[in-house]
Amino acid sequence: MVTNSAKSDDIDDSSAPLVEHLKELRSRLIWSVLAFVVAMVLCYFVWNPIFDFLTQPVCMALEKRGQTCGLILLKMQEGFFVAMRIAFFGGFVLAFPVVGYQLWRFVAPGLYRTEKNALLPFLIASPVMFLLGAAFAYYIILPWAFDFFLGFQQGPLALPDDPATAAAQGAAAAGAAKEPWAGIVFQGSVEEYLALTTKFILAFGLSFQLPVALTLMGKAGLVSSEGLASVRRYAIIVILVLAAMVTPPDVISQIVLFSVIYGLYEVSIILVRRIERKRALEEEADV
């Protein structure tokens, strides 16, 4: 009887911490989901200004060609799905710091002070690097990509709206061409454009997390600079596949994203090497 009672007590004592951790995890997940839902609802009510902001790259590219910036609705319900896509996108971006904070609150109680001091900079760097990646895609990659893609327009339909400019360019084109051109002009779908833009922004934002993740793993001793350098050829293949999956089916976009991610991979190797040198110096000082 005593033995059975002791075993029962041991089971209860060992399961109590697990139950507390599960309750804490549930609480953090609820706060994270709640933050995402609130942010999504807020973005839904202001989806028009957000959409105007997201269309600036293509509008600037069209303005350079003297064309009116306009997107069309191909389906009756497309406008609603555009608003919902913007709400999900904005909710993810706005809730990202809250989710990171909840993750920190869940992990921090089980860490020593030195471990907290080592982990906290990475949690701060994660949203900063995401914003840098998103800004890089929005201000540099998207204008360049749209300007390149719109360059394939031709014919009278692609001429500027200004009558004088259109007449001058039309006369020059007519004099240069032996046969009439087939008109090719951009009439983009709202949903298709938004899907392309948000995919670019999220892809670059998440790819900029690579130095944070690998440096944190190097700090924890899970990876080494020599190990990362030795699997470089395999990393190139993985990055190529990833770039092909998250970007539109055109070679230019895939090459640009591959170049960025591979550059970040090389930066991660340098950062991990610096951590290893610092750790070696600290060990020598302790000896």
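I take helix axes as lines fitted to C-alpha atoms over the stretch in contact, with angles running from 0 to 180 degrees between N-to-C directions. The model I am reading is predicted.

**Entry 1: helix 2 against helix 4**

Helix 2 (residues 47–54) packs on helix 4 at an angle of about 85°. Their axes are 10 Å apart. I count 65 to 115 degrees as roughly perpendicular, and helix 2 and helix 4 are therefore roughly perpendicular to each other.

Which residues of helix 2 meet helix 4? I found Trp 47, Ile 50, Phe 51 and Leu 54 on the helix 2 side. Facing them in helix 4 are Val 82, Ala 83, Ile 86 and Phe 89.

**Entry 2: the chain as a whole**

I then stepped back to the overall make-up. The protein chain has eleven helices and zero strands.

I noted the burial next. Of the 287 residues, 31% are buried. The chain exposes about 18000 Å², and carbon and sulfur atoms supply 68% of that area.

I also checked contact range. Among contacts with a separation of 6 or more, 84% are between residues 24 or more positions apart.

**Entry 3: a nonpolar patch**

I looked for nonpolar surface. A patch of about 730 Å² is made by Val 33, Val 37, Val 41, Tyr 44, Phe 45, Val 46, Phe 80 and Phe 81. Helix 1 (2–45) and helix 4 (78–107) each supply at least two of its residues. Which helix gives the most to the patch? Helix 1 does, with five residues.

I picked out Phe 45, which is found in helix 1. Is Phe 45 buried or exposed? Its relative accessible area is 66%. The cut-off for exposed is over 50%, so Phe 45 counts as exposed.

**Entry 4: helix 3 and what follows**

I listed the buried residues of helix 3 (residues 56–64). They are Pro 57, Val 58, Cys 59, Ala 61 and Leu 62. After helix 3 comes Gly 66, with a positive phi near 75°.

**Entry 5: salt bridges**

I counted the salt bridges and got four. I went through several of them.

Glu 24 pairs with Arg 28, with the closest N and O atoms 2.8 Å apart. Both lie in helix 1, four residues apart, about one turn of the helix. Glu 24 is partly exposed at 27% relative accessibility. Arg 28 is buried, with a relative accessible area of 14%.

Asp 147 and Arg 65 meet through their side chains in another salt bridge, at 2.8 Å from N to O. Asp 147 lies in helix 5 (residues 113–150) and Arg 65 in the loop between helix 3 and helix 4, so the pair ties together parts that are 82 residues apart in sequence. Asp 147 counts as partly exposed, at 26% relative accessibility. Arg 65 is also partly exposed, at 24%.

Arg 232 and Glu 266 form a salt bridge as well, at 2.6 Å from N to O. Arg 232 is in helix 10 (residues 232–246) and Glu 266 in helix 11 (residues 251–286), so this pair ties together parts 34 residues apart in sequence. I have Arg 232 as partly exposed at 28%. Glu 266 is partly exposed at 22%.

Which residues are joined into one network by shared partners? I found Lys 64, Arg 65 and Asp 147 linked that way.

Gln 209 lies in the loop between helix 7 (190–207) and helix 8 (210–219). Its relative accessible area is 14%. Buried means under 20%, so Gln 209 is buried. Leaving aside neighbours within four places in sequence, Gln 209 is in contact with Ser 126, Met 129 and Phe 130.

Thr 215 sits in helix 8. It is buried too, with a relative accessible area of 8%. What does Thr 215 touch, not counting residues up to four places away in sequence? I found Phe 122, Leu 271, Val 272 and Ile 275.

Methods:
Residues numbered from 1 in each chain as written. Predicted model: local features only at pLDDT ≥ 70, side-chain atom pairs only at ≥ 80, totals over all residues. Heavy atoms only, no water. Buried < 20%, exposed > 50% of the residue type's maximum accessible area, 1.4 Å probe, protein only. Contact = heavy atoms within 4.5 Å. Patch = residues over 30% accessible without salt bridge, like charges linked within 9 Å, V, L, I, M, F, W, Y side chains within 5 Å. Areas by Shrake-Rupley, 256 points an atom, 1.4 Å probe, with all protein chains shown as cover. Parallel < 35°, antiparallel > 145°, perpendicular 65-115°, else oblique.
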